[in-house]
Amino acid sequence: MTAKPCALITLGRMPKGLDVARALTAAGCRVIVAEPFGWHLAATSRAVAASFQVRAPASDKAGFLQDLSDIIRREAVDLVVPVSEESSFVACLAGSLPEGTRLLCAPEERLLALHDKAAFAVQARSLGLGVPETHPLGSAGAQDLAERQAVVVKPTHACAGSGVSFHAPGDTLPSIPGCIVQARLTGREFSSVTLAEEGRVLGTVVYEGLLMSGSVAVAFERQTEAQAVEEWIARFVAETGHSGFIGFDFIQEPGKPPMAIECNPRITSGVHFFDPAWLARALMDPQAAPPVVYRSQLRLQIFWQCLAEMYGAMARLNGRRYRQVMRTLFTSKDVLARWRDPWPFWLMTFTSWPILRRALFQGMTLGEAATCDIVWQGGETITTAVTPARESAP
């Protein structure tokens, strides 16, 4: 009997990783998860055959890579699917993977250039694609821009809105190393996720955040009329020859073309809108992927996080916010709830405790708490030699 193909998901704490796991399992894969948390969302799912705790890449990148390498060899992994900010570390495994193991992300140098907000802006502009005027903080260009118009200051390698500040024209800018100054735009905000293979778009989702928790969307609406955004993405993917997942954040001012404010070279929440059967086929055999198929729902939510926003609105006596949350709760389908796989939904509050603990006791936002141990903050390239697999489990 032919063995099932084995897929490794390199993070289990987020709903988007669980969606990928469920899709691949339904298509006949054996799905395993690597995760720095000992207790996490995907571990409660019937779609996950095994979960392995690994070292956190932000504090022990060599250990993280070694742990992944051991799992890949011991479990005979065929496909490695990075999920979130850990992608920047996972990318450097490419040169050390066993023959026949496919890594679903861009090469390390290319991925890090996309993760770098300054480098991404330069690259997109060189391709003739719209991006806001962007300069390194402390440069003459940044000072001139800040005197002319409102700007945003943000860390070059930050995620989840960490460290972002807004400034009116003429404001004195902060003196923080490793930041960029970007022209502040006003207009509709779009996010996206694209699955690509060697410069060919297999499928793209463009969506808007319906409900935000800080800078992170906890409810989303797919946009079916976003041709200009999709064309921008298709051109970028084709020009760069990108493979794997890639996401962008856009702002489109009235009557103007969309401008990409940053790139997220990883899975984003838009993945929830892909039809699971289509997604699995595209992941397992991208060369033969059929035309993209979407789920029927245009609105999706992470129910428990939306519910927390409702309680917050009640505590602050914010009636407008309360009504907004209630509309979202009653008009959006939850991304986790499945009759045949119920525990991830019902246990999400408990499996999210490692994240909630950081938010409650370390003063982090939920976005920061979910990513602080897996995000790459810049510096030298990540590549670290990985030794052959050990016999002991990570």
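Angles between axes of under 35 degrees count as roughly parallel, over 145 as roughly antiparallel, 65 to 115 as roughly perpendicular, and the rest as oblique.

**Ground rules.** I'm working with a predicted model, where local features need pLDDT of at least 70, side-chain atom pairs count only at pLDDT 80 or more, and totals for chains, interfaces and linings use all residues. Residues are numbered from 1 along each chain as its sequence is written, and side-chain values use heavy atoms, with hydrogens and water left out.

**Entry: α4 and α5.** I looked up helix α4 (residues 108–115) and helix α5 (residues 117–126), whose axes come within 5 Å and cross at roughly 95 degrees. The axes are lines fitted to C-alpha atoms, for helices over the stretch in contact, and angles run from 0 to 180 degrees between N-to-C directions. Helices (H or I, at least four residues) and strands (E, at least two) are DSSP runs, numbered from the N terminus. So α4 and α5 are roughly perpendicular to each other. A113, L114 and H115 of α4 touch K117, A119, F120 and Q123 of α5, where contact means heavy atoms within 4.5 Å. I sorted that contact into four nonpolar, two polar and one charged. For the classes, Ala, Val, Leu, Ile, Met, Phe, Trp, Tyr, Cys and Pro are nonpolar, Asp, Glu, Lys and Arg are charged, and the others, Gly among them, are polar.

**Entry: α1 and α8.** Next pair: α1 and α8 pack at about 80 degrees, axes 8 Å apart. They are therefore roughly perpendicular too. From α1, V20, A23 and L24 meet P276, L279, A280, L283 and M284 in α8. I found eight nonpolar residues in this contact, with no polar and no charged ones.

Entry: A pocket is an open set of points on a 1 Å grid over the protein atoms alone, where a 1.4 Å probe fits, with protein on both sides within 12 Å along at least five of seven lines; lining residues have an atom within 4 Å of a point. Of its 20 lining residues, R22, A23, A26, P276 and R338 are the closest to the centre. Helices α1 (15–26) and α8 (276–284) each give two or more residues to the lining. By class, I noted eleven nonpolar, one polar and eight charged.

**Entry: a sheet.** Four strands form an open sheet in the order β6-β9-β7-β8, paired antiparallel; a pair needs at least two DSSP bridges. β6 (134–136) and β8 (165–167) are at the edges with a single partner strand each, so one side of each lacks a neighbour in the sheet. β6 pairs with β9 (residues 179–183) over three bridges.
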